[in-house]
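I opened this structure for the first time and kept notes as I went. The entries follow the order in which I looked things up.

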Amino acid sequence: MSEPIYSIPPDTINHDNLMVATGATPWTRPESLMRPLWDAGVTGRGCTGINLDTGFTPHVDLPNPGDESTNFMGGSASDIRDRHSHGNHCIGSMVGRNGIGGAPEADLKVGKVLGDNGSGSNTVAGLNWAASVEGDVVSCSWGGGQFVDSSTVAACKRIEESGKWLLFAAGNSSYNGRNSVIAPALSPNNVAVSSINQ
């Protein structure tokens, strides 16, 4: 197996998050940006992405998550259904098939750490679970504020020590002075993912 390639594609793409009467206009990285990576074999094959968010709903363009996927929000541990849609959006960006996701051949595990309203307080349990299961990248598109509690820092460190990449959304407000990067993305044991504008 060849060494993984960890680099940023050479092109810069600005996305506008347009709103229309029926909801948000779907967008993703254009195939022209991703095709050189996929053609070079950087497709996620043999890797597993772990998504910690509002869950998963089956879709023709998404892989089915592994049996280890679990619900940390109460109720049945096997009920990972995404009733909010943010989880599926993030999963699509990560491992969506048919030109949607960055790693279209990767496998998927899901931790439902946010409720059907998009918020939750069981994120640390999900982070600790992500540290304990097999996988390669842990993706978290949530957070807020400027303070990272010690239990979250410890869980993030466990993920790093397990050899996985941990990614957090830096925030959705573009440049905002010293508050541009929100918690927990501002903690030292992860990669903060941002954009240059809203």
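**Entry 1: overall layout**

I read the elements from the N terminus on, and they run β-β-α-β-β-α-β-α-β-α-β-β. That gives 4 helices and 8 strands in the protein. Helices (H or I, at least four residues) and strands (E, at least two) are DSSP runs, numbered from the N terminus.

I noted how the model was made and numbered: it is predicted, local features need pLDDT of at least 70, side-chain atom pairs count only at pLDDT 80 or more, and totals for chains, interfaces and linings use all residues, while residues are numbered from 1 along each chain as its sequence is written. Side-chain values use heavy atoms, with hydrogens and water left out.

I then looked up the totals. Of the 198 residues in the protein, 38% are buried. Buried means under 20% relative accessible area, exposed means over 50%, and partly exposed lies in between, with a 1.4 Å probe and protein chains only. The accessible surface comes to about 11200 Å², and 52% of that belongs to carbon and sulfur atoms. These areas come from the Shrake-Rupley method with a 1.4 Å probe; for residues, only the protein chains shown count as cover.

I also checked contacts (heavy atoms within 4.5 Å). Among those between residues at least 6 apart in sequence, 75% join residues at least 24 apart.

**Entry 2: helices H3 and H4**

At what angle do H3 and H4 pack? I found about 15° between helix H3 (residues 123-132) and helix H4 (residues 150-161), with their axes 8 Å apart. The axes are lines fitted to C-alpha atoms, for helices over the stretch in contact, and angles run from 0 to 180 degrees between N-to-C directions. H3 and H4 are therefore roughly parallel to each other. The scheme counts angles under 35 degrees as roughly parallel, over 145 as roughly antiparallel, 65 to 115 as roughly perpendicular and the rest as oblique.

I noted the crossing of H3 and H4 as left-handed. A crossing has that hand if the near helix is turned anticlockwise from the far one by less than a right angle, and is right-handed if clockwise.

I listed the residues that meet. From H3 they are Val 124, Leu 127, Asn 128, Ala 130 and Ala 131, and from H4 they are Ser 151, Thr 152, Ala 155, Cys 156, Arg 158 and Ile 159. By class, this contact of H3 with H4 has 7 nonpolar, 3 polar and 1 charged residues. Ala, Val, Leu, Ile, Met, Phe, Trp, Tyr, Cys and Pro count as nonpolar, Asp, Glu, Lys and Arg as charged, and the others, Gly among them, as polar.

Which residues of H3 are buried? I found Thr 123, Gly 126, Leu 127, Trp 129, Ala 130 and Ala 131. The buried residues of H3 pack against E3, E4, strand E5 (107-112), strand E6 (137-140), H4 and strand E7 (165-169).

I looked up Asp 82 in the loop between E4 and H2. Is Asp 82 buried or exposed? At 8% relative accessibility, Asp 82 counts as buried. Leaving out residues up to four places away, Asp 82 touches Thr 54, Gly 55, Phe 56, Thr 57, Gly 87, Asn 88 and Lys 112.

Asn 88 lies in helix H2 and is buried, with a relative accessible area of 16%.

**Entry 3: backbone exceptions**

Most residues other than glycine have a negative phi, and most peptide bonds are trans. I noted these exceptions.

- Ser 85, in the loop between E4 and helix H2 (86-95), has phi near 95° and is partly exposed at 49% relative accessibility.
- Asn 98, in the loop between H2 and E5, has a positive phi of about 60° and is exposed, with a relative accessible area of 64%.
- The peptide bond from Ala 183 to Pro 184 is cis, with omega near -5°; Pro 184 lies in the loop between E7 and strand E8 (191-193).
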